[in-house]
Amino acid sequence: MLINFDNAATTFPKPLCVRKAVAEAMENFGGNAGRGGHPLAMRTSAALYSARETAAGFFGASPENVIFTMNCTYALNMAIQGIMSGGGHMIISGIEHNSAARPAAALAAKGCITLSVAPVYADDELTAETFRSLMREDTKAVVCTLAGNVTGQIPPWKRIAALCRERDICFIADGAQACGILDIKMSDGINILCTAGHKGLYGITGTGLLITDGRYPLTPLIQGGTGSSSLSLVQPGLLPESLESGTPCIIGAMSVKAGIDFIQKQNISRIRYHEENLCSRFISRLKGIHGAVIYRESGAAYAPVVSFNIGDIPPELLAADLAEKGFCLRAGFHCAALAHTQLGTQNGTIRFSPAFFNTEHDVDALANSIKYVLDSEKYQKNY
Amino acid sequence: MTVCIVEMPSYTYAVKGEKLLSSRGYPCKIKRNTNASPGSCGYSLFIYSSSEKAVSILEQYRIPYTRISYGGG
């Protein structure tokens, strides 16, 4: 028995329609998209475009502004390095994943940009004001997660995006923990949305998306074959090809399309409601455990993720014992240096992140197992 | 019948153009170019009706193209 509560890392299991779409893509879409005129290439090209269209429709973008990437990290690197290639000032939130924080920090360490980190508070007013106070004449971009990957906290990103719009600052959103759970639209003020295809969108691993409103052109990270202007040594400027050098992961794109279709069929509000219910149920069970610390503050909004600790028990130890009982939870620092610094969690936390296929029974079984493990001699003796 | 052949700079815009024109009642099809043209992606829109109007719709919706030629249907 395996029960996955590590869906913030990647969702599992995947919906049946996604698995079928992957099999169908393997069977039928074995050509190379946008390259060649034979039937295999043509139907593969059409399939990839249909995946672009589905993602565009879901997020309120144009199909040509949907760029398939290998993951959210790659998309964020493309956005951050692409926008900041000419230097300038950048602001990132204090709960960014390393996928945004590291490329930004690397550019700052090389002296290419100046970087500010804006703490995220439980008080949205204070958070928005902090971002505003850090904005300068030379601020080119703000990177803000739509939901933090450690605690699930949702910053007041629409307000921050509005502040950016007023100042002609590019607003880059990390949607890895939000897309497929929260209703996200480019018209909410997002200039560039970076997200994973394999988390809340239920595609396979190795998929990500960069979606732009086209307002801020990106310098490509890599150049190469695009299937267009082949005799020129200059990278073509048209999206999406200019940012999609090399053969895209067509099977992955088809899985993301099927995942989005699944979300739309199930209704995104219903998915969020279901996952939030599971979190509430888990939190109420945790509250009955002596020493439980839940990293949530009143006044703040959260995506369906719960980070917790039990007293001084090392998170990795408890997660390992729960893993032996078949429960998959991620312990440690979750690739999020800034968030753990802000939380002051020196040993990290254990993260509970449900998805569509988890049930109340799964949550109860996990809570019972935590109690059972904690009652064991090892824990009673040492903690 | 004369066919208007609109060479496209990318496959993505070829599909976008095809869908736009088809939805406006202009029958067209994406085909691979028989003569490779340097600035193109190798695909063209073959438009089987009033080409002037169709091309003006592409321009109106800012769908780029690289060249227009005419051939037999």
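How is chain A divided into domains? There are two entries in the assignment: domain 1 covers 3-11 + 267-382, and domain 2 covers 16-265. Keep in mind that this is a predicted model.

Let me start with the domain contact. The centres of domain 1 of chain A and domain 2 of chain A, taken over C-alpha atoms, are 28 Å apart. Domain 1 of chain A brings 30 residues to the contact, and domain 2 of chain A brings 29 residues.

Which elements build the domain 1 side? Four are on the list with at least two residues each: α8 (268-286), β11 (301-302), α10 (337-343) and β15 of chain A. The top contributor is α10(A), with 6 residues.

We have an open sheet of 4 strands in chain A, and the pairing is antiparallel. Read the order as β10-β12-β15-β14. Which strands stand at the edges? They are β10 (292-294) and β14 (330-332) of chain A. Each has a single partner strand, so one side of each has no neighbour in the sheet.

Zoom in on one pair. β14(A) and β15 (residues 349-352) of chain A run antiparallel, joined by 3 bridges. One pairing puts two arginines together: Arg330(A) has Arg351(A) in β15(A) as its bridge partner.

A helix covers part of this. Helix α9 (residues 315-324) of chain A lies across β12 (306-310), β14 and β15 of chain A. Against β14(A), α9 of chain A runs at about 160 degrees.

Last stop, a helix pair. Helix α3 (residues 72-83) and helix α4 (residues 98-109), both of chain A, pack at about 35 degrees. Their axes are 9 Å apart. Is the crossing of α3(A) and α4(A) left-handed or right-handed? Right-handed.

Who makes the contact? From α3(A), take Cys72(A), Thr73(A), Leu76(A), Asn77(A), Ile80(A) and Gln81(A). From α4(A), take Ser99(A), Ala100(A), Pro103(A) and Ala104(A). By class, the contact of α3(A) with α4(A) has 6 nonpolar and 4 polar residues.

How values were computed. Residues numbered from 1 in each chain as written. Chains lettered and ligands numbered in written order. Predicted model: local features only at pLDDT ≥ 70, side-chain atom pairs only at ≥ 80, totals over all residues. Axes fitted to C-alpha atoms, helices over the stretch in contact; angles between N-to-C directions. Left-handed = near helix turned anticlockwise from the far one by under 90°. Contact = placed C-beta atoms within 7 Å. Nonpolar A, V, L, I, M, F, W, Y, C, P; charged D, E, K, R; others polar. Pairing = 2+ DSSP bridges. Domains from an automatic or database assignment.
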